[in-house]
Amino acid sequence: MRLVSIVVPLFNEEENVINLYREVRDVVDRAQLNAEFVFVDDGSSDNTVPTLMKAAGDDSRVKIIRFRRNFGQTAAMAAGFDY
């Protein structure tokens, strides 16, 4: 079965990232896809990444790329695709 990579750019999404992760996870699980979730944090200044890490727990499908500063959505998507 092919691996599906779901690339999600994030910027200051602390309040939304738990629901986002859960919704994407649930869709993938229901569809029984072989998938990975590539979250690209585009230099968030809030707790987006720690919140995501807590929500994802030990889900090995979750990959997180972190930028030191904000480079924009296009750069974040490109980094996720390159990964």
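Two strands are taken to pair if DSSP finds at least two bridges between them, and helices (H or I, at least four residues) and strands (E, at least two) are DSSP runs, numbered from the N terminus. The model shown is predicted, so local features need pLDDT of at least 70 and side-chain atom pairs count only at pLDDT 80 or more, while totals for chains, interfaces and linings use all residues. Residues are numbered from 1 along each chain as its sequence is written, and side-chain values use heavy atoms, with hydrogens and water left out.

**View 1. Strands β2 and β3 run parallel and are joined by five bridges.** Val40 stands opposite Ile65 in β3. From β2 the chain passes through helix α2 (residues 48-56) to β3 in a right-handed β-α-β crossover, a term that applies if, with the strands pointing away from the viewer, the path from the first strand over the helix to the second runs clockwise.

**View 2. Asp41, in strand β2 (residues 35-41), is buried without a salt bridge.** Buried means under 20% relative accessible area, exposed over 50% and partly exposed in between (1.4 Å probe, protein chains only); a salt bridge requires a side-chain nitrogen of Lys or Arg within 4 Å of a carboxyl oxygen of Asp or Glu. The nearest side chain of opposite charge, that of Arg66, is 4.5 Å away from Asp41 (Lys and Arg count as positive, Asp and Glu as negative; His and the chain ends are not counted).

**View 3. Ser5 belongs to strand β1 (residues 4-10).** Ser5 counts as partly exposed because its relative accessibility is 41%. The C-alpha atoms of Ser5 and Phe37 are separated by 6.0 Å, although these residues are 32 residues apart along the chain.
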